[in-house]
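This briefing covers secondary structure, surface and charged side-chain pairs. The sequence and structure come first.

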Amino acid sequence: MEQTRRTLEAVAAELQDGVRERAVTFGPRPRPTPAAAPQPHTEQPGTRHTPGRNPSGGVA
């Protein structure tokens, strides 16, 4: 049991060393920028839509 604990501690130390080495080599990882909230759809000034009609002129 004691041998297993020492082996696990040694492996954990090696992993930490590797993580630190990579952090030094490659630098900190960039954080993703949060996505901007989509802008609400607003009607353009002066644009009027005819009720019951689609843009191609047919009945909706």
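A residue counts as buried under 20% relative accessible area, as exposed over 50%, and as partly exposed in between (1.4 Å probe, protein chains only). On that scale, 2% of the 60 residues of the protein are buried. The model is predicted, so local features need pLDDT of at least 70 and side-chain atom pairs count only at pLDDT 80 or more, while totals for chains, interfaces and linings use all residues. Residues are numbered from 1 along each chain as its sequence is written, and side-chain values use heavy atoms, with hydrogens and water left out.

**Secondary structure**

- The protein has one helix and zero strands, where helices (H or I, at least four residues) and strands (E, at least two) are DSSP runs numbered from the N terminus.
- Helix α1 covers residues 2-26.
- The 25 residues of α1 reach 36 Å from first C-alpha to last, close to the expected 36 Å; the expected span is 1.5 Å times one less than the number of residues.
- Glycine 27 follows α1 and has a positive phi, near 80 degrees.

**Surface**

- The accessible surface of the protein is about 6400 Å², and 59% of this belongs to carbon and sulfur atoms.
- Accessible areas come from the Shrake-Rupley method with a 1.4 Å probe; for residues, only the protein chains shown count as cover.

**Salt bridges**

- Side chains of opposite charge can pair when their charged atoms come close.
- The count is four salt bridges, each defined as a side-chain nitrogen of Lys or Arg within 4 Å of a carboxyl oxygen of Asp or Glu.
- Glutamate 2 and arginine 5 form one of them, at 2.3 Å from N to O; they lie three residues apart in helix α1, so about one helical turn separates them.
- Glutamate 2 is partly exposed at 40% relative accessible area, and arginine 5 is partly exposed at 39%.
- Arginine 5 also pairs with glutamate 9, at 2.5 Å from N to O; these two are four residues apart in helix α1, again about one helical turn.
- Glutamate 9 is partly exposed, with 45% relative accessibility.
- Arginine 20 and aspartate 17 form a salt bridge at 3.2 Å, N to O, and are three residues apart in α1, about one helical turn.
- Aspartate 17 is partly exposed, with a relative accessible area of 45%.
- Through shared partners, salt bridges join Glu2, Arg5, Arg6 and Glu9 into one network.
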